[in-house]
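Please keep the sequence and the coordinates at hand while reading.

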Amino acid sequence: MAATISKKLLLSDLVSSDKIDRVPSNYIRPLSQRPNLQDVFHGDHSIPLVDLHHLHTPNRAHVIKQIGLACRDFGFFQVKNHGVPESTIANMINIAREFFNLPEEERLDFYSDDPTKTTRLSTSFNIRTEKVANWRDFLRLHCYPLQDYIHEWPTNPEAFRDHVAEYCQSARGLALQLVEAISESLGLDKDYISRQLGRHAQHMALNYYPPCPQPDLTYGLPGHTDLNLITILLQDQVPGLQVLKDGHWVAVNPVPNTFIINIGDQIQVLSNDRYKSVLHRAVVNCDRERISIPTFYCPSPDAVIGPAPELVTDDEPCVYRKFTYGEYYDKFWKRGLATENCLDLFVASSLT
Ligand code: OGA
Ligand code: NI
């Protein structure tokens, strides 16, 4: 049978309109790039779990140390007692699900394939640059400063703006605490990193991964690092996130009311490579839709990022040149989700 390319703009509408029992050809990865799901490690404690309660007790130094080790050895950790109320989390997940269940014509009002738009619904990763599509739809929002963007957000479902704004503000509070903790863990002043971020920025994605008839042929998101500073990932109860550790993909299964934190490329730069922004990916499954909601905490576009001078020594020379976050952001979106690190374009000796 000849391969059919869908006329639907969004994957969720393709999946719900046609009874799809095979992955369309434009989603199929070449053999060498497939997820090899049988080779994935599944363990209960795949990444460290940090109890943030002790950030506010005399045990703070111990928590900072745990966070530092997690950033150094995994690039990922989970947090509990993070201060984001359970009801805020439940409302956020529920409103995301309601949004993706709206009729196609209502969602399509937000559709765009232009990565520079600050509010947009799209599919895959960047359909303008990629050769193989990913099994994902997503709504991307900018959310700090809130008053600059909230008027662009959906008003259907009716509670969307209220619930998402509440979640964003709470997630920002957590991000600021984590940024301080990470700064301290590097031996820097606790405000050092925050001060490098210009006016600060915060984006989020509402990711929707429909069930997939052949999950071993495609990805929700292929292996990538996050370009931003740190990511706070909220996910529903359906597994899908995997993290690369010592050359093996490790599944990170959902734990209710915890967040998954990962450091992004900008922490790798600021830390002069002491902390690595780690490859991770999202795989899909046959049975259940999955929702994940990353909060991307970022510098503002004009912020100048480079290794912290205190972390540049004779033994550890400066790895990266200085750049504005705006320049990094443009390069990242233009080149697509290649496995090669975008950071390579910014190494100090590179002439690019
Ligand atoms: C991302 C991401 C992981 C997930 O959106 O950058 O890594 O589990 N998502 O959806
Ligand atoms: Ni990511």
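## Aromatic pairs

Rings of Phe, Tyr and Trp (its six-membered ring) pair if their centres lie within 6.5 Å, and planes under 30 degrees apart count as stacked, over 60 as edge-to-face and the rest as tilted. By this criterion, a search of the whole structure finds 15 aromatic pairs. One of them joins phenylalanine 99 and phenylalanine 100, an edge-to-face pair with 5.4 Å from centre to centre and 85° between the planes; both residues are buried, a word that here denotes under 20% relative accessible area, with exposed meaning over 50% and partly exposed in between (1.4 Å probe, protein chains only). The planes of phenylalanine 332 and tryptophan 333 stand at 80° with ring centres 6.1 Å apart, so this pair is edge-to-face, and both of these residues are buried.

One aromatic cluster is formed by Phe99, Phe100, Phe110, Trp153, Phe160 and Tyr208.

## Basis of the model

The model is predicted, so that local features need pLDDT of at least 70 and side-chain atom pairs count only at pLDDT 80 or more, while totals for chains, interfaces and linings use all residues. Residues are numbered from 1 along each chain as its sequence is written, chains are lettered from A and ligands numbered from 1 in the order in which they are written, and side-chain values use heavy atoms, with hydrogens and water left out.

## Helix 3 against helix 6

Helices (H or I, at least four residues) and strands (E, at least two) are DSSP runs, numbered from the N terminus. The axes of helix 3 (residues 86–100) and helix 6 (residues 160–185), which are lines fitted to C-alpha atoms over the stretch in contact, with angles from 0 to 180 degrees between N-to-C directions, come within 9 Å and cross at roughly 135°.

With contact meaning heavy atoms within 4.5 Å, Thr88, Asn91, Met92, Ile95 and Phe99 of helix 3 meet Phe160, His163, Val164, Glu166, Tyr167 and Ser170 of helix 6.

## Isoleucine 230

Isoleucine 230 lies in strand 8 (residues 230–235) and is buried, with a relative accessible area of 0%. Leaving aside residues up to four places away in sequence, isoleucine 230 touches several residues, including Ala175, Leu178, Ile263 and Phe296. The C-alpha atoms of isoleucine 230 and cysteine 298 are separated by 7.2 Å, although the two residues are 68 residues apart along the chain.

## Backbone exceptions

Most residues other than glycine have a negative phi, and most peptide bonds are trans. A cis peptide bond joins tyrosine 144 and proline 145, with omega about -5°.
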